[in-house]
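Please look through the structure shown here with this short briefing beside it.

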Amino acid sequence: MIITVDHVTKTIGERVLFTDAFLRVSARDRIALVGPNGAGKTTLLEIISGEQEPDSGSIITAKGATIGYLKQEAIEMHGTNVLEEVLSVASGVRGLEHRIHLLEEELASASAEETDALLAEYGRLRDRFEHMGGYTVEAEARRVLTGLGFREQDLARDIAELSGGWQMRVALAKILLVEPDVLLLDEPTNHLDLESVTWLEGFLKAYEGAIVIVSHDRSFMDGLVNRVAELELRTITTYQGTYSSYQEQKAANRERLIAAKKQQDREIEHQERFIERFRYKDTKAKAVQSRVKALAKIERIEIPEERKNVRFSFPQPERTGDEVIALEGVSKAYGDNVVYRDLTVRLYRGDKVALVGPNGAGKSTLLRMLAGELEPDSGSRRLGHKVSVAYFAQHQLEALGLNNTVLDELLLAAPDWTQEQARTLLGTFLFHGDDVKKLVRVLSGGERARLALAKMLVRPASFLCLDEPTNHLDIQGRDVLEHALSQYTGTIALITHDRHLIRAIANRVADVRGGSATVLDGDYEYYLRKREGLDAPGGQAPSGRGQATPSPRDTGAGEAGARGGNAARTGSGPAVGAPKSREEKRAEAEVRNRFYRGTKDARRRLQSIDRELATVQARHDELLEVLGDQGIYEDKATFDAALTEYATVKQRLGTLEAEWLEVSERIEALEAERGA
């Protein structure tokens with residue numbers, strides 16, 4: 001075991017993120033850490049990495065184990081070029097290399113007497129340099145950087161010139177080059193293109209260490225992880241298998257949990273009815289108090305809040321002519337870098353085209369030319385009949401009115417809509433209740449992305465150009481976008497690294513590389529099958545695709561006869577101590593005999609019920625504890641067996657309780673008759 005999250009608790013202010021959280025990370029684990037926004041996934045990674053301290057519990061790390069942590073936020077870098085920044089993590093190797101160069105200079109001018117000693121030192125340093133991977137570290141750094149989308153000419157660029165997204169790639173390259181025993185990756189695919197995501201997935205599959213990853217990319221997780229740790233309801237529940245397998249298990253577990261809660265609710269209702277019925281009955285006082293105490297101890301089963309699925313019929317664009325857009329013989333260059341020369345692309349009504357290809361091939365340039373955001377150097381752009389265009393890219397998030405509320409910002413795009421209509425659409429994009437009154441300035445990146453997409457779809461153009469629309473969106477947000485684009489009847493050109501969205505939406509794929517765009521008439525799976533036949537200069541081909549409840553019995557019931565006998569003397573009759581006639585004594589004897597005969601079998605049965613109730617109740621309590629343990633939901637067979645036995649035991653318990661009450665009341669009736 002490399003890392004153990006040992007019963008860790010963490011609160012922020014008054015909010016409890018997780019309590020008594022437990023997780024083990026073994027040498028080759030690939031664990032996806034999932035959960036709703038705000039559950040504390042990033043906080044847990046920071047605690048594991050040592051950047052935060054838990055309120056209680058501890059992180060146990062194997063002796064000598066190293067941890068590499070990629071944060072979700074951008075890290076500013078400056079003062080060197082891309083390659084040197086990545087190689088800076090190999091400081092030991094670089095220091096040795098420097099010392100070797102100094103020795104070489106000394107050897108060049110050394111005397112014969114000094115040469116032997118210098119050669120011995122030189123040989124020792126060379127051996128150590130080789131052992132530390134000094135001869136391959138730069139080649140490995142170049143391989144990692146190339147895989148993450150850097151071109152050879154980019155490696156000498158000043159790192160300060162790079163955008164935040166590209167600096168994140170450098171940060172990831174540094175961690176991958178070090179090869180720590182455990183990789184903690186917080187949204188590593190956010191700033192990657194599709195080919196880089198595919199490369200990273202392959203790299204991590206072959207990685208020798210353990211990986212704990214937070215990601216909203218379902219295809220990426222499915223291709224990589226073998227366990228899922230869900231952080232929800234302030235605890236961690238682990239599932240074996242891929243992310244898709246986790247979703248299936250979670251759905252089944254939820255159904256079982258709902259069934260267990262219904263059983264528990266019926267049990268609680270039954271006990272509460274008993275308490276209410278016999279609260280003021282002296283003979284049941286002990287049983288009532290026992291049940292009151294037991295109810296107070298019950299750990300109520302909690303059902304995780306189900307995410308709301310708001311059904312909404314999205315507005316549709318005006319119908320266009322058959323040909324939506326045509327780029328005819330276009331060329332585009334940036335200085336000496338010729339991206340396209342004499343390119344022709346045509347898109348038709350209903351096309352949903354994913355633009356794929358290696359970094360730097362010109363996907364964004366092509367999308368911007370299609371959208372009319374970028375003029376080609378030559379050639380023509382022609383829109384079809386009644387075609388309107390909308391372009392979505394991340395920089396548009398900054399164009400939102402920061403001082404507007406969410407609702408007002410949407411209504412700016414649809415001034416003729418009612419507030420009810422706008423609220424319904426915003427509900428579809430996960431803005432519920434008072435969320436619509438938030439100012440745009442306080443929204444997270446994901447919330448701004450959802451609002452910008454909602455604005456675009458409230459009055460949809462007939463041709464949508466989308467550049468990485470899933471950036472900043474969590475899985476639920478991506479589901480919303482997928483639903484909206486699935487309903488959309490217009491034409492789409494799309495760049496995304498989210499293969500799940502491509503598979504769900506695209507009916508054509510444009511492979512962009514080498515100055516050309518080859519459009520295949522088929523979905524993403526068809527593209528993957530055909531990919532080997534495409535020319536791929538300058539890039540890599542993408543790869544495939546609750547608690548114990550007492551019985552109702554009154555432990556003093558067996559003494560009812562004795563109490564009844566004493567009570568019988570309080571009725572009307574001769575005064576205490578008065579002499580009795582023979583007839584009176586005979587009558588009393590007959591009453592006693594009749595009472596004894598009438599209650600003998602009942603008392604024997606009551607004692608038998610008491611014994612069986614004790615056994616059944618004990619098993620009932622054991623099963624409630626078993627069903628109250630979240631861990632049982634990981635094993636369907638064990639849970640089903642426990643639930644089936646619980647139903648049988650519960651039914652038997654109800655039968656015994658009903659019979660116990662009937663026999664007790666019969667004995668009480670006989671006691672009352674004797675007293676009369």
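The charged end of Lys 332 sits over the ring of Tyr 334, 5.7 Å from the ring centre; a charge counts as sitting over a ring if NZ of Lys or CZ of Arg is within 6 Å of the ring centre and within 35 degrees of the ring normal. This is a predicted model, in which local features need pLDDT of at least 70 and side-chain atom pairs count only at pLDDT 80 or more, while totals for chains, interfaces and linings use all residues. Residues are numbered from 1 along each chain as its sequence is written, and side-chain values use heavy atoms, with hydrogens and water left out.

**Aromatic rings and charges**

- A search of the whole structure finds six aromatic pairs, where rings of Phe, Tyr and Trp (its six-membered ring) pair if their centres lie within 6.5 Å, with planes under 30 degrees apart counted as stacked, over 60 as edge-to-face and the rest as tilted.
- Phe 150 and Trp 166 form an edge-to-face pair, 5.0 Å from centre to centre and with 70 degrees between the planes.
- Phe 150 lies in the loop between helix H5 (137-147) and helix H6 (164-178), and Trp 166 lies in helix H6, so the pair ties together parts that are 16 residues apart in sequence; helices (H or I, at least four residues) and strands (E, at least two) are DSSP runs, numbered from the N terminus.
- Phe 150 is buried, with a relative accessible area of 4%, whereas Trp 166 is partly exposed, with a relative accessible area of 21%; buried means under 20% relative accessible area, exposed over 50% and partly exposed in between, using a 1.4 Å probe and protein chains only.
- The ring of Trp 166 also has the charged end of Arg 169 over it, 3.9 Å from its centre.
- Trp 199, Phe 203 and Tyr 207 form one aromatic cluster.

**The second largest cavity**

- The second largest cavity has a volume of about 50 Å³; on a 1 Å grid over the protein atoms alone, a cavity is a set of points where a 1.4 Å probe fits but cannot get out, and lining residues have an atom within 4 Å of a point.
- Grid points are joined across faces, edges and corners, and a volume is the space filled by probe spheres set on the points.
- Among the residues that line this cavity are Leu 70, Arg 169, Glu 187 and His 191, and H6 gives the most to the lining, with four residues.

- Helix H14 (residues 445-458) has 14 residues, which at 1.5 Å a residue should span 20 Å, and its end C-alpha atoms are 20 Å apart, which agrees; the expected span is 1.5 Å times one less than the number of residues.
- Twelve of the 14 residues of H14 are buried, so this helix is largely enclosed by the rest of the structure.
- The cover over the buried residues of H14 includes strand E14 (389-392), helix H12 (406-413) and helix H15 (475-487), with contact meaning heavy atoms within 4.5 Å.
- Helix H1 (residues 41-49) is likewise largely enclosed by the rest of the structure, because seven of its nine residues are buried.
- The buried residues of H1 include Lys 41, Leu 44 and Ile 48, and just after H1, Gly 50 takes a positive phi of about 95 degrees.

- Most residues other than glycine have a negative phi.
- Glu 179, in the loop between H6 and E6, has a positive phi near 55 degrees and counts as partly exposed at 49% relative accessibility.
- Leu 430, in the loop between H13 and H14, has a positive phi of about 75 degrees although it is not a glycine, and is buried with a relative accessible area of 11%.

**Single residues and their surroundings**

- Asn 190, found in the loop between strand E6 (182-186) and helix H7 (194-205), is buried with a relative accessible area of 10%.
- Not counting residues up to four places away in sequence, Asn 190 touches Gln 72, Asn 471, Arg 478 and His 497.
- Leu 613 has its place in helix H19 (residues 582-628) and counts as buried at 0% relative accessibility.

How values were computed
1 Å grid on protein atoms, 1.4 Å probe; cavity = no way out; pocket = protein on both sides within 12 Å on 5 of 7 lines; lining within 4 Å.
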